[in-house]
Amino acid sequence: MPVTEGFIDVHCHILPGLDDGAPSMEDSLRMVAIARDDGVAGIVATPHILQGLYENSCEAIGLATSELQLSQDACPIYQGAEMRVTRALVDSVDRNSLQLINGKTHLLLELPSRSVPPLDVMEKIVRNLRAAGVIPLIAHPERNLVLRDTPCYMHRLAIHGALFQVTAMSITSDLGNDVRRSVFRMIRYGLVHVVASDAHDPLKRPPVLSRAFHVICGEFGQGKAEELFMENPLKIINGEGIKKWGAATAAPHRKDIRTAETAGDSGHRYEPDRVGAGTDGTACCSGQGY
Ligand SMILES: [Fe+2]
């Protein structure tokens with residue numbers, strides 16, 4: 001079914017039983033209905049891929065996507081994944097092994113919630129992916145405790161070709177005013193390319209985009225909102241390139257440039273192989289549902 005109009009949600013844990021998203025097909029179908037009622041015209045199913053916790057293969061994701069699509073015809077479902085950044089990406093990238101969005105060009109990539117790789121390591125990962133013809137789309141930077149306060153780290157990754165997705169509930173203050181302020185600052189710096197739901201269930205984290213869309217319309221204008229909720233997501237599912245920089249309205253502060261260099265140091269230890277735990281020992285994946 002082709003997408004004709006409406007929002008495109010490129011980050012949604014809608015497949016039943018593959019991760020900490022929808023637990024059953026019944027819940028998945030309820031999420032589809034909620035999304036359609038909200039004006040969503042296409043959903044990318046993005047179950048976690050996280051070594052040791054969610055070992056979802058491309059084949060398993062493909063089967064579950066087809067099953068959900070065959071169970072309803074209200075909304076097209078596209079195959080994708082939210083892949084936790086791994087040390088292996090520093091050394092080499094096997095494009096064929098990656099679950100790209102709709103099998104095209106973009107890879108939804110998740111960082112740990114409480115740390116980031118050292119900047120030079122992350123720059124190398126982005127360069128490796130781009131050299132392999134893959135465009136990294138980094139999920140919810142505003143929910144990462146380091147990136148939230150270090151927009152220049154994002155800026156450096158954007159220079160190498162990374163894109164950024166923020167979460168609708170971050171815009172509507174459901175995750176706190178500090179998170180919302182961070183998102184607005186990222187948008188002013190031109191560092192946000194797409195907004196998605198990152199929905200996990202029908203109730204607490206539903207696949208709703210309209211509320212955030214209206215907030216962005218009010219704050220940045222309808223053209224910006226359509227770019228982030230419709231135009232860029234449509235390009236992503238079609239595997240098309242999108243404008244590297246949003247329309248920045250402010251330059252990063254000098255202190256942000258300084259902190260980018262040290263964002264991945266021992267103050268925020270990077271532990272990509274440590275599954276399910278943040279640097280303070282608390283759960284950072286399934287526990288918080290990222
Ligand atoms: Fe997610």
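I began at L157, which is buried, as 25 other C-beta atoms sit within 10 Å of its own. Buried here means 20 or more other C-beta atoms within 10 Å, exposed means 12 or fewer, and partly exposed is in between, with C-beta atoms placed from the backbone.

Before going on, I noted that this is a predicted model, where local features need pLDDT of at least 70 and side-chain atom pairs count only at pLDDT 80 or more, while totals for chains, interfaces and linings use all residues. Numbering runs from 1 along each chain as its sequence is written.

**Entry 1: L157 and its helix**

I placed L157 in helix α5. Helices and strands are DSSP runs numbered from the N terminus (helices H or I, at least four residues; strands E, at least two). I then listed what L157 touches, skipping residues up to four places away in sequence: M122, E123, V126, I138 and A162. Contact means that the two C-beta atoms, placed from the backbone, lie within 7 Å. I also looked up K124, which is 33 residues from L157 along the chain, with 9.4 Å between the C-alpha atoms.

How many of the residues of α5 are buried? I get eight of its nine, so I wrote the helix down as mostly covered. The buried ones are P151, C152, Y153, M154, H155, R156, L157 and A158. After α5 comes G161, with a positive phi near 110°.

**Entry 2: α4 against α5**

Next I checked the partner helix, α4 (residues 119–131), whose axis comes within 9 Å of that of α5 and crosses it at roughly 30°. Axes are lines fitted to C-alpha atoms, for helices over the stretch in contact, and angles run from 0 to 180 degrees between N-to-C directions. The two helices are therefore roughly parallel to each other. The cut-offs are under 35 degrees for roughly parallel, over 145 for roughly antiparallel, 65 to 115 for roughly perpendicular, and oblique for the rest. The crossing of α4 past α5 is right-handed.

On the α4 side the contact uses L119, M122, E123 and V126, and on the α5 side Y153, R156 and L157. I sorted these into five nonpolar, no polar and two charged. For that sorting, Ala, Val, Leu, Ile, Met, Phe, Trp, Tyr, Cys and Pro are nonpolar, Asp, Glu, Lys and Arg are charged, and the others, Gly among them, are polar.

**Entry 3: α8 against α9**

The crossing is right-handed. From α8 I have F213, I216, C217 and F220, and from α9 Q222, K224, A225, L228 and F229. By type, the contact splits into seven nonpolar, one polar and one charged.

**Entry 4: the core**

Which residues have the most contacts inside the largest nonpolar core? I found I14, I43, A45, V195 and L209, in a core of 83 residues. Such a core is a set of buried Ala, Val, Leu, Ile, Met, Phe, Trp, Tyr and Cys residues joined through C-beta atoms within 7 Å. I then looked at V195, which contacts V166, A168, I171, L209, A212, L228 and F229, leaving aside neighbours within four places in sequence. In soluble globular proteins, nonpolar side chains tend to be buried together.

I found H140, not a glycine, with a positive phi near 30°. H140 sits in the loop between β7 (135–139) and α5 (151–159), and is buried, with 25 other C-beta atoms within 10 Å. D198 is another non-glycine with positive phi, about 50°.

Is G239 buried or partly exposed? I put G239 down as partly exposed, with 14 other C-beta atoms within 10 Å. This glycine is in the loop between α9 and α10 (254–262). G239 contacts N102, K104 and T105, apart from neighbours within four places in sequence.

For the chain overall I noted ten helices and nine strands, with buried residues making up 50% of the 290.

Conventions. A crossing is left-handed if the near helix is turned anticlockwise from the far one by less than a right angle, and right-handed if clockwise.
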